[in-house]
Amino acid sequence: MKITRQKHAKKHLGFFRNNFGVREPYQILLDGTFCQAALRGRIQLREQLPRYLMGETQLCTTRCVLKELETLGKDLYGAKLIAQKCQVRNCPHFKNAVSGSECLLSMVEEGNPHHYFVSTQDQNLSVKVKKKPGVPLMFIIQNTIVLDKPSPTTIAFVKAVESGQLVSVHEKQSIKQLKEEQGLVKNPEQRRKKRKKISGPNPLSCLKKKKKAQDTKSPASGKKRKRKRIRNRSTSKVLSEKQNAEG
């Protein structure tokens, strides 16, 4: 059973890798129901998930899931401890938290660009996830982790891409990268750098300061010239007096 289960997982992973760019480390989003099922089944997620998926994994959750587990009280205390050990991914609900299922669903919007796996025991959430193409779904059954097969929506999307009717998010990203490498599209980071170079001291203010400095120096130089002329006049008078005395 274990060998066949891994074969199915390998087949499903290959499908998501080839069609949606899913790659290691696999980002596994957990909700409270999945953590609770792992606790009851005594499943060591950090050890068993990499073995099952045959690759490096990262256990993730969101602030909304953690907040939901806190409000549910002592009954889900063990599940909360498991979720707190996961990496917290930023969700769009900074000010007003939402339910864990709604939050995880928002994390895989717009074609699931971060390639998240959604891990849940919530049937309603599972149905909604299956309606979104390119989102791997995981659940626990009979104390074993299972990667669900691609949903009909996902398969239909891949067929539409192959026939040329649609363009996948993975293909859009690769096209964008090629355009940036060839210089057809400017990188937004380069635009920011150029804007920073423009900002600086006003050149007109610098010119004004230089003029003031020249004005302060001009009277001092004029005084020195006047002193030199006075000395020249006194010497000429002395020479004329000597000539008159000799004559």
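I take buried to mean under 20% relative accessible area. The model I am reading is predicted.

**Entry 1: Thr-61**

I started with Thr-61, which sits in strand β2, residues 57-62. Is Thr-61 buried or exposed? Its relative accessible area is 0%, so I log Thr-61 as buried.

Next I looked for what surrounds Thr-61. I set aside neighbours within four places in sequence. The contacts of Thr-61 are then Leu-29, Leu-30, Leu-66, Ala-83, Cys-86, Gln-87, Val-88 and Arg-89. A polar atom of the Thr-61 side chain lies 3.2 Å from the backbone oxygen of Leu-30.

**Entry 2: α2 against α5**

Ala-83 turned up among the contacts of Thr-61, and I found Ala-83 again in α5, where that helix meets α2. I looked up this helix pair next. Two packed helices are described by the angle between their axes and the distance between the axes. Helix α2 covers residues 32-40 and helix α5 residues 77-84. Their axes come within 8 Å and cross at roughly 110°. I therefore note α2 as roughly perpendicular to α5.

Which residues of α2 and α5 meet? From α2 I list Gly-32, Cys-35, Gln-36 and Leu-39. From α5 I list Gly-78, Ala-79, Ile-82 and Ala-83. I sorted the contact by class: 5 residues are nonpolar, 3 are polar and none is charged.

**Entry 3: salt bridges**

How many salt bridges does a search of the whole structure find? I get 2.

One joins Glu-109 to Lys-132, with the closest N and O atoms 3.1 Å apart. Glu-109 is in the loop between α6 (100-107) and β4 (116-119), and Lys-132 is in the loop between α7 (123-130) and β5 (137-141), so this pair ties together parts 23 residues apart in sequence. I checked accessibility on both sides. Glu-109 is at 36% relative accessibility and counts as partly exposed. Lys-132 is at 19% and counts as buried; the cut-off I apply is under 20%.

The other bridge joins Asp-148 to Lys-130, with the closest N and O atoms 3.5 Å apart. Asp-148 lies in the loop between β6 (144-147) and α8 (152-162), while Lys-130 belongs to helix α7, so the pair links parts 18 residues apart in sequence. Here I read Asp-148 as buried, at 16% relative accessibility. Lys-130 is partly exposed, with a relative accessible area of 36%.

Terms used: Residues are numbered from 1 along each chain as its sequence is written. This is a predicted model: local features need pLDDT of at least 70, side-chain atom pairs count only at pLDDT 80 or more; totals for chains, interfaces and linings use all residues. Side-chain values use heavy atoms; hydrogens and water are left out. A salt bridge is a side-chain nitrogen of Lys or Arg within 4 Å of a carboxyl oxygen of Asp or Glu. Helices (H or I, at least four residues) and strands (E, at least two) are DSSP runs, numbered from the N terminus. Buried means under 20% relative accessible area, exposed over 50%, partly exposed in between (1.4 Å probe, protein chains only). Axes are lines fitted to C-alpha atoms, for helices over the stretch in contact, and angles run from 0 to 180 degrees between N-to-C directions. Angles under 35 degrees count as roughly parallel, over 145 as roughly antiparallel, 65 to 115 as roughly perpendicular and the rest as oblique. Contact means heavy atoms within 4.5 Å. Ala, Val, Leu, Ile, Met, Phe, Trp, Tyr, Cys and Pro count as nonpolar, Asp, Glu, Lys and Arg as charged, and the others, Gly among them, as polar. A polar contact is a pair of N or O atoms within 3.5 Å; within protein, one must be able to donate a hydrogen and the other to accept it, and residues adjacent in sequence count only if both atoms are side-chain atoms.
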